[in-house]
Amino acid sequence: MVANRADVPVHVGMSLGPDRSQAVVVRHRTVLGSVSVPGSDPSELLSGIRPADRAQARSVTIDISRLLLAAVLQASGGLSPVAMIRVRPRAATDLALGRHPAEVIERLVTRRFTIPGGHDLFGRELGPLDRQALQAVCREIERDGTRCIAVVAAGSQAQPRHEREVADRLQAVLPDARISVAYDFGGLGLAPREATVALNSALSDIAEDILDACESAVRRWTPGMPLHVGRGDGGWVTASRMRTLPVLGLGAADALELLGAAALTGVDDCRVLLDRPSGRVVGDVRHLLVAVRPYALHGLGTELVVPTAALTGADGVQNASDPMAWRSGDVPLVEADRDPDELICIGAAVSRPTAWLDEIAFIESTDELEGIRRDAQARATAIVTANGANPGTADIVEMSTVAMPYSPSGTVRVRVRVAGALDIRSRPGS
Amino acid sequence: MRNRPSTASLDLAELLRVEPLARAEAVHLADPSRRVHQVVLAETFERLGHIVPHSVVVLHAEAAAGGWSLAAALHAAWERNASVVVVPRAAMSSSSAVLAERLGIALLVIDDDPVDVALTLAGQISAPQCARAVRVALCAERLAEQSSIRGVLGVLNTELGHVPVALTIGGSVVAGRAAAVRERADHEQVRVQVHGAGERPWAELVASVPTPAADLGGHVGTLLRLARLPLLAAWAQARMDTSTQVAQERAAFEMLRRLGSEPATDRAVPVQYDGAESTSWSSELGWRVEGVNRAVWIAPIQDPGSEPPPELTQLLRATWQRHLPDWPIVADDDGWISWQNSADADSGTAMRRGITTMTPTARTHALVLGVGGAHAGIPGLMRSVVEARLAAYVAREGGAGSVTWFDQVGAQAALAWLPVGKIAQVADFCLADLMAARDRSSLVETVLTVLDCGGSLSQASARLGVHRNTVLSRVARAKELGLVFDDPSRRLALHVVCYALGALWRTPGAERSQ
Amino acid sequence: MSIGYVGSGKSITAADIPALYEGAKFYSPAVGDASKASLVSWLMDLLERNGPVVLVRPDALPPQVHCVSLCVIGSGAALADLPPSGDEFVLAVRELEHVMHRRFGAVYPLAAATISALVPLAAASQLDVPLLDADGMGRTFALIHHTSMSLAGLSPAPLVVRGPTGETVTIEVRASARADTLLRSNVDTLGGWAALASYPCTAGDLRRAALPSTVSRLINVGRLLLEPVGADVLVTRLAAVTGCQRIGRGRIVELEHLSRPSDVTIPAHPSSVVIDEIGGQGRLFRLELRSEIVAVFADGALAAAAPDLVCLVDILRGELATLDSLEPGDVVDVLVMPADAIWYSAEGLAMVGPTSHGIPLDHPRRR
């Protein structure tokens, strides 16, 4: 057990929902207090926390994913309309290929443009960027007043030049536009990349409103208290980072629920069974971090390149005492039997800053591979530090490099996941 | 003995000691004593299917194409009971190391050209006597480079691998691996005498050769004989070094004694101590005397009557250097002095730890230890030395390796100083009849016990465990033979004589363990 | 344009597409789902617009009907990132028709697996011709002349590639093996993937040269894969339908790259996956990868090798684990399925057996 209670930091986890919101105060996986209010007012929630807990709290981590998801799924959710710009050699000749396969994205995208240009996956230019077409698009958007703009250029993961030029030009013409670019998220696949930038763009207004409310509530509650926002991979980023990349917040509730259930049982590696209206699902927690995959977000109706908790149907897993379930994973199976909202809050309170990198690289020798891996690690570490981790605390949680099938010899896909340490420094001066 | 010692097939350990495999990295060594009958240069997998047992398989070209090829080769080698697989580094992978271990196949990684390696190995394996001659020559070279006894034994043990070698003096192991002198069921011992100056036997090299490899005996003997000269040279060098140092230390301690005002020649009488300052020359030797000192006296279990042999001094010094480098060790008279220095009063804990370290050596070399009290400064050290020496003499009763603390001894210490041998000689003259009697030992024991019990026959019979009448009849017979202790003026003298005879006749404690 | 044919055929409707996709992935479990959304939605939309596509066996067509194979050549990852504009496959066929001065009455997949099994369906719908229930590989092999048609003496040329850049390359060669070499550099320049129309021949040729029923089986297997049943039940069912066997279950402990010498003719560099068996004999599996899994060693003994189809099932998720997303720590079942019998003939093994991947060992099924 914990030797000296006063040394173990207290963290506050919150989850804002459209109908009900909750907050818990957690010290080393133990719930000290819990508050629940109707609606989604963070001030009201924070005012319910006992003064004694408040005095000890070191940070507040908020899950806003339920609010974001509700906004996305509501037919008239008040999300801003998005203009989608593709940069690629040719526009689609088939209607179905010209639009996004997911209904939820199509609802958001009111205008579509294709500007000739783009690169292949290794950053080689497939054709020059058509600046005349770019001018025309700028004029068109300026005229129709769309302010949320998403840009996806082919191959921008490797060479973002065309994507940047389009974004810069648009920003120059429309200083108040909110422009999201695919390069910020990496990943593979036009549809998931497009969905990611479109949602990021569409969510930026509502995310700003939510985060404004959260920030001012926390400031009033305890000035100087650090505010973190939960992300879909079960980690967190700072509130300012979430303002620019709100799509990262989607899926946080699922991931944090897994994390919360695992944290309560005290095991760092386990499988967690969650109850969902559609049936039971199961997810993994490794080293007290949620196992994530890109394209894994359920309930949204589209795939994203950003990683979210890998949940699968639990039909093959009968119950926790089923020996089959044990044999297959050789880790304990945990049934999440607490209130889901509370588990989300607990997960938020114990979560850590994270970052993720998914890239294509080209190698000619195993030495070169080492260099690529080091380079990717360094960049992922820089990102997690930018996301709010204390410098020097980041460690590589997962790293894989696989050969890309049917690609030119030497093509590897590098994935890196990095997590910073939970902030255990003393509370900043208030 | 062995008819064909030099043509016996090589084993893996032997091959690993000569080029080119001496340069190989042993990823996994299943059994170094595996015989090697043949070398196979496997360029193709076809070839791997035809290897015979006890082969060295050197992978090359197609058969060394990458991680999978090594995995497949290991499997083939395992199926066909090959001795070892040798692979170029380019084909090595960490999972192959795991597989080699799992299959129990020795795996070596080379940076040299596999074809060259295979050719050289083929030569070595087809003419083991040549390979061994090369080895002997290499070994002789390495032996000659050694300047210490430990170095020489180190070379022998590295060279012979699974055949342990030790150097013994008077039956105790002074260097090398003690396993060599242990009698083991399936091992044969090879012994080579080492003669010092004037052809006097000085020491013995002992090697324990496993019976399955006994045809190596001749080879082992050759190496041991080769080691004699370097050993003697190292020994002479060490003796020269240490005898100078021993003399220097002894002189230094005498100086300390004088500073402590102890009359140097008087070994028994406690003296007056007054304050004395430590000197710079004692600290040059690494000695510390400020603060509190507690001395240990190390003595041979039997009073040698003279200085113990310099070899023993050398041995103790070596032990101290290895295990108690902070403790001085000084030869003095019939024993050795060591002491432990601390800044302030100690509880004896550090000394107990030191004693624990010394005890095995003491037991092996038939030594006993006495521990003095803790006293301040140089005079305190001198006092502790005297106390330790008294305690050590008492410890002799406990047998080899026993330890006595002065605090526990008290006045009994006086007895330990009796020159038992000389008194016994006196008995030969004064009590000739008794000494001639066949049952003298039980008579003396009985009289001694009666005297110890203040004349009480019943107490004596109880202590001896015999009937009172037996005690009575033995006392009567002793008196007849001249052991008349009724006269008070002779009683002390006779008591002392009986004590001395009893002490002398008691089996010397060397074989008695604590 | 419509072709009359003898015998009853089936047709593929929009509702079959998800199963077709999953089945196609099973027969070439190399590439992940990055392009799934775009392709599935495009195909479903096409079939809803144009109606079902007729699926016929080659022997159900008059033997003189001209047929052409279609496939995606290049990297699935490139296609995911730069999906088709929609006309690449049709225009490749049209260009080949133009070069050869003939009309094609049916299309067929060069390899009925992965996305290459889907695009001929799209083209068939756009061209309004039947799709043949046959292909040249029964899975995917790395080079375009690794086909049953090549074994039967048919040439892949002339052939046409059309890339997402809107550019077309026509290649005429005599030696089949040269065709692939000439193609690769063009494909890289065309954006990493391209639509390939090749092996122009007649339905009569295909009766003897193509592997039959390789398209319809994808839908059957795909239906199994779509049912959420858990890994153990899934593996049992797959075994019953496809004849696959589980070699073992284990945890991925290592991914090695450039683990053996590579040549430039085959795409994707050699890499290896090391799996520590859970339960069983605790063996160490070593999977050799070259776009597909080309060999499985169990404790150093060759347990399976190309042309066997080896795939991994992710135990925790109860679904196929694709080779571009493996991670150390994953627990997988290693499944092995025999390929079509022709690949185990001497000529077949010489073309696609372990030796063709630099592993000169006897194939386990030939020992």
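User: To start, which strands does helix H10 of chain A lie across?

Analyst: This is a predicted model, so keep that in mind throughout. Helix H10 (residues 252-265) of chain A lies across strand S1 (10-15), S4 and S9 of chain A. Relative to S4(A), H10(A) runs at about 130°.

User: And what's the strand order in the sheet with S4 and S9 of chain A?

Analyst: The order is S3-S2-S1-S4-S9-S10 (chain A), six strands in an open sheet with mixed pairing. S3 (30-38) and S10 (236-238) of chain A are the edge strands; each has a single partner strand, so one side of each has no neighbour in the sheet. On average, neighbouring strands of this sheet are turned by 25° against each other, direction ignored.

User: How do S4(A) and S9(A) run, parallel or antiparallel?

Analyst: Parallel, with three bridges joining S4 (residues 57-63) to S9 (residues 227-230) of chain A. In that pairing, Thr61(A) stands opposite His228(A) in S9(A).

User: Switching to chain B. Is S12 there mostly covered or mostly open?

Analyst: Mostly covered: S12 (residues 335-342) of chain B has six of its eight residues buried.

User: Which strands does S12(B) pair with?

Analyst: One is S10 (residues 292-300) of chain B, which pairs with S12(B) in the antiparallel sense over seven bridges. There, Asn293(B) has Asn341(B) as its bridge partner. Another is S11 (residues 330-332) of chain B, also antiparallel to S12(B), through three bridges.

User: What about the turn in the hairpin of S11(B) and S12(B), how many residues sit between the strands?

Analyst: Two residues. Asp333(B) in that hairpin takes a positive phi near 55°.

User: OK, interfaces. How many residues go into the contact from chain A and from chain C?

Analyst: Chain A puts in 53 residues and chain C puts in 59 residues.

User: Which element of chain A gives the most to the side that touches chain C?

Analyst: S19(A), with five residues. Elements giving two or more residues to that side include helix H8 (190-221), helix H13 (366-386), strand S19 (395-403) and strand S20 (411-419) of chain A. By class, the side of chain A that touches chain C divides into 26 nonpolar, 17 polar and 10 charged residues.

User: And the contact of chain C with chain B, how many residues from each?

Analyst: It takes 20 residues from chain C and 18 residues from chain B. On the chain C side, strands S11 (245-257), S12 (271-277), S13 (284-290), S14 (292-298) and S15 (301-305) each supply at least two residues. S13(C) gives the most, with three residues. That side of chain C has 10 nonpolar, four polar and six charged residues.

User: Last topic, the largest nonpolar core. Which residues touch the most other members?

Analyst: Val151(A), Val107(C) and Val296(C), out of the 326 residues in that core. H8(A) gives the most to this core, with 15 residues.

User: What is Val296(C) in contact with, leaving aside neighbours within four places in sequence?

Analyst: The contacts of Val296(C) are Ile247(C), Phe285(C), Leu287(C), Ala303(C), Ala304(C), Val310(C), Val334(C) and Val336(C).

User: Which residues are in the other core, the one of 79 residues?

Analyst: Among them are Leu223(B), Trp235(B), Leu256(B) and Phe406(B), and this core of 79 residues lies apart from the largest one.

Methods
Residues numbered from 1 in each chain as written. Chains lettered and ligands numbered in written order. Predicted model: local features only at pLDDT ≥ 70, side-chain atom pairs only at ≥ 80, totals over all residues. Buried ≥ 20, exposed ≤ 12 C-beta atoms within 10 Å, placed from the backbone. Helix = DSSP H or I, 4+ residues; strand = E, 2+ residues; numbered from the N terminus. Pairing = 2+ DSSP bridges. Contact = placed C-beta atoms within 7 Å. Nonpolar A, V, L, I, M, F, W, Y, C, P; charged D, E, K, R; others polar. Axes fitted to C-alpha atoms, helices over the stretch in contact; angles between N-to-C directions. Core = buried A, V, L, I, M, F, W, Y, C linked by C-beta atoms within 7 Å.
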